[in-house]
Amino acid sequence: MKRGGKPKLLWLQSITCNGNTHSFLNHPDLFSLLSHFELLYHPVLEAEYTLQDILEGHVDCDILVLEGAFREKGVAKGGVEISSVIEYYAKQAAHIITAGTCATFGGIFKQYDPEHITGFCFDIEEKTTRHKQYADKLISLPGCPIHPKWLGFVLMMIAQKRPIAKDTLHRPLELYAPTVHTGCARNEYFEWKVDTEGFGLKEGCLFYELGCQGPYTHGSCNKILWNDVSSKTVSGTPCFGCTEPDFPKTTLFETKTNMGIPAAMPLGIPRRAYLTVTGVVKSFKIKRFEERLIEYDR
Amino acid sequence: MIVKKLIEKIEGEAELNFSMHKGSVEDVRISFGFYRGIEEILVNKSPRDALVITPRVCGICNHAHLLAAVGALENGYENAGIAVILSNKARYIREFTLACELIQNHIKWFYMTILPQLERLTGEEGGENHALKASYLSTTITKALAIFAGQWPHSSYAVPGGVTCDPTYVDVMQATALIDETIRFFEQVIIGMEFERYLQIDSVTQLHEVQGDFGNTLHLLGTHGMAHTGQSHDRFIVFGEGLGMQSGKSIATTVSRVEVRYVKEWPQKGSTAKAVAYKDRIYETGPLARAMVNKAPIVKSLHKRYKDGLLTRIFARVHESTALLSHAKHLLQKLDLNEPSCTLESRLLADTFEGVGVVEAARGSLIHKTRVEAKKITNYEIIVPTQWNLSDGTEQDRGVAVEAMCGTRSIEEASFVFRSFDVCSVCTTQ
């Protein structure tokens, strides 16, 4: 970063659906945020350089945002292997942000060719050879897609030269220490182990039958809402664990159970503790939780 | 002479090889990037997993993929003997969220693809931040979508039998306010006139009333001699129904019925994208096709004068957003929240079935086909709009976009014609 100058931001894509790009465009303060940076290249926003300039290595960058899964050979743009372009800029950048689950862990597209497609520094949870080289400047922002405000937060922390506390997978704790369950509008039903009766109801918890992974998925979807208004679980859709290294799992709309008990426990909760609490609360019948919250035809 | 050009900022990139002859474009080969294998990824997964996986085909039209996927499942359930009867509430909510996604697409394309390129091409650069307008509109309209669908991009809120949300009238009022805000934005910035008055316009002679960025664009196209540029086969096809529109195909002035079973795909040499045709003929799909098949008066009037050229194609896309806004508002007014959101029991699943789902996405007809045996997907096919518009063509016909680019006077002009199709590279390389 040149003294006094704004940090130079470069956004590169490899194997992607563009979902992170479009999610970020919905940041409500996008242009005031971007005013803190010199935008070298972005997949859809007008920027200082063309893709051809970037491919030819004409610029230097301070912050590299990566979107999409990584593959060493076979993904070219304008006849240039995109992996070599990414590595070229990764070396000179002071910060590397892997934006989205694909760039971070491999994501959905990894499943097409698990042997060759990975995240940039992680292959699911395993460190790739690049991890060692880039670990000191790596920030993981998984999510399918990335939450615009999570990326906005990280970019502003960098612009203000503030340290970002991270976990072992390089995810900022501010954003990924909570689970998706934190702040869910259905928490009361979870506390009292009241299952929803099906899709399309605002009452009941989605953890027991409908596959919700919120209680063991890292992310603040229910603290920092999506599009400023909602989230999957608020709108009755189970959390599919899209921020996690193993996203996507299979049979996503059903909860895997052992003897009727969810197979995966809420994050950090011993099975015995869960069973004890469940046994206690289930022994009570709470009338309020058996009724609809609103009935319009009364 | 062959000239290569990398086209960027089109939902991914494409590489165009132009054959030039005496200063004009004679032929074009289009190639796209890396194939991502979504259809293969789906094999052996649980049928409903398609509701989570297929939106990830595309970051900008993910919601259309979700609705095509749920349509394929519901059609499959029906074929397997499970009756699927959606409540009006679920149908209206799905239509509403789809309309929001289409508007988001069209306006982003208008401000981020068409306006900057048109200004560059005509040398009339105003220095305005068009992306700021695109971002504001997109943020506003996808917020209305997310009130019901939880988030955009990549919601999975449509499930067999309905939708997962259970909105309140507080939600409906919020969504209505966001639609009103979008209409206000249209009035003050895009069309520069009263919305209701705009909807009344049905002839080219009234178009001078349109001001704002849309009016300027029409003016630029006209004064730079581009109104007639970019004509193609003048054949249009629409498979999806809903959003106040019918399916059909339009050739010359005749509109007739279509059936999905006559759609055929085939691999193309040297391309990661398959070509697609209807009864061996190439058709254009998208907003212009929808307007032609549904005989939207103002688009028909433009078409009479300028055929399927740049002006008509660009007009149809922005114009469709206004019709969708009006339709979306109407849907919210009709919602009866007392109806069930989802009419199928979540555990009711068919074991073995085949189903087809068809939806009108921003860029045209989107088709999903699923085959399920013993509760596992054994085959999944996705036919995206860009395949219709951007294929190499058949022996008789050039592809739609290729035909439109042929005869243009420069590579820059040809590239602009290419962009007028609102190309989605990521969908094409699903």
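In which loop of chain A is A:Pro145 found? A:Pro145 sits in the loop between strand E11 (138–141) and helix H8 (148–159) of chain A. The model described here is predicted.

**Overall form of chain B**

- Chain B contains 15 helices and 13 strands.
- The radius of gyration of chain B is 21 Å, close to the 22 Å that the globule rule gives for 430 residues, so chain B is as compact as a globular protein of that length.
- Along the principal axes, the C-alpha atoms of chain B fill a box of roughly 65 × 50 × 40 Å.
- Buried residues make up 57% of the 430 residues of chain B.
- Among the contacts in chain B with a separation of 6 or more, 71% are between residues 24 or more positions apart.

**Contact between the chains**

- Chain B contributes 60 residues to the contact, and chain A contributes 54 residues.
- Several elements of chain B each supply at least two residues of the side that touches chain A, including helix H4 (88–122) and helix H5 (130–149).
- H5(B) gives the most to this side, with eleven residues.
- The residues on this side of chain B comprise 26 nonpolar, 21 polar and 13 charged.

**The largest nonpolar core**

- This core has 218 residues, of which A:Leu64, A:Leu66 and B:Met405 touch the most other members.
- H4(B) provides the largest share of the core, 17 residues.
- Domain 1 (8–174) and domain 2 (178–286) of chain A each give at least three residues to this core.
- Not counting residues up to four places away in sequence, A:Leu66 touches several residues, among them A:Leu12, A:Ile86 and A:Phe120.

- Helix H11 (residues 271–282) of chain A has twelve residues and reaches 16 Å from its first C-alpha to its last, close to the 16 Å expected at 1.5 Å a residue.
- H11(A) is hardly covered, as the count of buried residues among its twelve residues is zero.

**Features of the backbone**

- A:Cys144 and A:Pro145 are joined by a cis peptide bond, with omega about 5°.
- A cis peptide bond also joins B:Trp152 and B:Pro153, with omega about 0°; B:Pro153 lies in the loop between H5 and strand E4 (158–159) of chain B.
- A:Lys161 is not a glycine, yet its phi is positive, near 55°. A:Lys161 counts as exposed because 8 other C-beta atoms lie within 10 Å, and the limit for an exposed residue is 12 or fewer.
- B:Lys307, which is not a glycine, has a positive phi of about 55°. B:Lys307 lies in the loop between helix H10 (297–306) and helix H11 (310–334) of chain B, and it counts as partly exposed, with 16 C-beta neighbours inside 10 Å.

Key
Residues are numbered from 1 along each chain as its sequence is written. Chains are lettered from A and ligands numbered from 1 in the order in which they are written. This is a predicted model: local features need pLDDT of at least 70, side-chain atom pairs count only at pLDDT 80 or more; totals for chains, interfaces and linings use all residues. Helices (H or I, at least four residues) and strands (E, at least two) are DSSP runs, numbered from the N terminus. The radius of gyration is taken over C-alpha atoms; the globule rule is 2.2 Å times the number of residues to the power 0.38. A residue is buried if 20 or more other C-beta atoms lie within 10 Å of its own, exposed if 12 or fewer, and partly exposed in between; C-beta atoms are placed from the backbone. Two residues are in contact if their C-beta atoms, placed from the backbone, lie within 7 Å. Ala, Val, Leu, Ile, Met, Phe, Trp, Tyr, Cys and Pro count as nonpolar, Asp, Glu, Lys and Arg as charged, and the others, Gly among them, as polar. The expected span of a helix is 1.5 Å times one less than its number of residues. A nonpolar core is a set of buried Ala, Val, Leu, Ile, Met, Phe, Trp, Tyr and Cys residues joined through C-beta atoms within 7 Å. Domain bounds come from an automatic or database domain assignment.
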